[in-house]
Amino acid sequence: MKLLRLVPEQTNFRFMHWRVLSFPFSGITAVLSIVLFLTVGLNYGIDFKGGTLIELQSTNGPANLSEIRRTLGGLNLGDVQVQEFGSPTEVLIRIESQGEGESAQQDVVENVRSAFTDGYEFRRTEVVGPRVSGELAYAGTLAVGSALLMIMFYIWFRFEWQFAVGAIITTFNDILLTVGLFAILQLDFTLSSIAAVLTIIGYSLNDTVVVYDRIRENLRRYKRLSLEELLDKSINETLSRTTMTSVTTLLALFALYFLGGEVIQSFVLAMIFGIVIGTYSSIFLASPLLMLMKLRTSVFDKKDDETSPAKSA
């Protein structure tokens with residue numbers, strides 16, 4: 001039985017020629033993501049802002065959003081957001097934090113339950129106090145920062161310092177673009193979003209390490225090849241594996257996006273975007289960065305005792 005291949009086993013694409021476009025593209029999109037983060041900002045969920053989230057389902061046909069807003073307005077709960085959630089019968093209510101203490105938030109839930117006793121079913125209720133939300137924001141930031149720091153040390157220990165710097169720049173670029181996606185689409189940024197970012201970091205790093213490992217092997221084997229030719233050769237040799245892994249992962253994510261329900265859609269969309277960006281950066285950003293840092297001279301200074309075959313045709 002013939003194996004399915006999305007990319008031929010032997011390819012000869014000249015990826016390094018595209019660095020004149022990939023570097024400006026990556027830089028511009030990263031800057032735009034930072035600008036969006038500082039100006040538009042993220043749509044923080046109650047995990048970070050604190051407050052109450054209530055999901056209702058109408059038992060009498062499509063929900064009347066105007067009536068729900070009017071009823072909630074009479075409860076004097078402050079900033080309240082009401083939106084359709086998934087289907088016309090489902091409603092998501094977000095209520096701002098009511099001050100210190102969990103008891104104030106619980107009182108909000110009881111008041112809302114009392115106001116919607118007929119015609120609505122309460123499907124989900126989440127309450128996060130202001131102190132807890134601050135701790136969650138700190139823990140999420142610490143998790144991402146620690147992951148990047150440990151990645152740098154790991155790559156530095158396993159490869160050369162140029163590989164570590166290239167991996168960190170590539171991963172940080174993926175994070176910035178993902179944050180830009182959340183900002184421009186105003187997706188809910190919750191603890192699940194932090195989990196998505198950490199997963200994207202791991203996926204992007206895995207792709208980058210696979211390419212870097214082949215580059216390191218070829219540096220020992222092909223000393224007469226120019227660095228540009230060697231990088232192109234290494235990427236082409238891992239291209240089939242990279243594309244197959246990305247496509248199979250995306251198939252699973254698309255199934256989750258369309259069939260998994262509204263609750264996880266923002267998480268899955270971030271994952272889909274991250275897989276695409278991670279694949280792009282491992283090919284068009286991570287490897288070309290090694291040329292900027294003069295990788296070949298550094299490696300040769302340490303490993304000039306190995307032999308290599310003649311330059312390939």
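**Briefing: salt bridges, a hairpin and a nonpolar patch**

At 35% relative accessibility, Glu217 counts as partly exposed, because that value falls between the limits of 20% for buried and 50% for exposed. The model described here is predicted. Glu217 takes part in a salt bridge with Arg214, and a search of the whole structure finds eleven salt bridges.

- In the salt bridge between Glu217 and Arg214, the closest N and O atoms are 3.6 Å apart.
- Both Glu217 and Arg214 belong to helix α7, where three residues, about one turn of the helix, separate them.
- Arg214 counts as partly exposed, with a relative accessibility of 27%.
- Lys233 and Glu237 form another salt bridge, with 3.4 Å between the closest N and O atoms.
- Helix α8 holds both Lys233 and Glu237, which are four residues apart, about one turn of the helix.
- Lys233 is partly exposed at a relative accessible area of 25%, and Glu237 is partly exposed at 31%.

- Arg241 and Asp207 meet through their side chains in a salt bridge, at 2.8 Å from N to O.
- This pair links distant parts of the chain, 34 residues apart: Arg241 is in helix α8 (residues 227-259) and Asp207 is in helix α7 (residues 191-221).
- Asp207 has 0% relative accessibility and so counts as buried, whereas Arg241, at 31%, counts as partly exposed.

**A salt-bridge network**

- A network of salt bridges links Glu55, Glu90, Arg123, Arg124 and Glu126.

- Strand β3 (residues 80-85) and strand β4 (residues 87-96) run antiparallel and are joined by six bridges.
- Glu90, a member of the salt-bridge network, falls within the residue range of β4.
- Phe85 stands opposite Ser87, which is in β4.
- One residue sits between the strands of this hairpin, and Gly86 takes a positive phi near 90°.

**The nonpolar surface patch**

- Ile34, Phe37, Leu38 and Tyr44 make a nonpolar surface patch of about 370 Å².
- Helix α1 (residues 19-39) gives the most to this patch, with three residues.
- Ile34, one of the patch residues, lies in helix α1.
- Ile34 counts as partly exposed because its relative accessibility is 38%.

Note on methods. Residues are numbered from 1 along each chain as its sequence is written. This is a predicted model: local features need pLDDT of at least 70, side-chain atom pairs count only at pLDDT 80 or more; totals for chains, interfaces and linings use all residues. Side-chain values use heavy atoms; hydrogens and water are left out. Two strands pair if DSSP finds at least two bridges between them. Helices (H or I, at least four residues) and strands (E, at least two) are DSSP runs, numbered from the N terminus. Patches are made of residues with over 30% relative accessible area and no salt bridge: like charges are joined within 9 Å, nonpolar side chains (Val, Leu, Ile, Met, Phe, Trp, Tyr) within 5 Å. Accessible areas come from the Shrake-Rupley method with a 1.4 Å probe; for residues, only the protein chains shown count as cover. A salt bridge is a side-chain nitrogen of Lys or Arg within 4 Å of a carboxyl oxygen of Asp or Glu. Buried means under 20% relative accessible area, exposed over 50%, partly exposed in between (1.4 Å probe, protein chains only).
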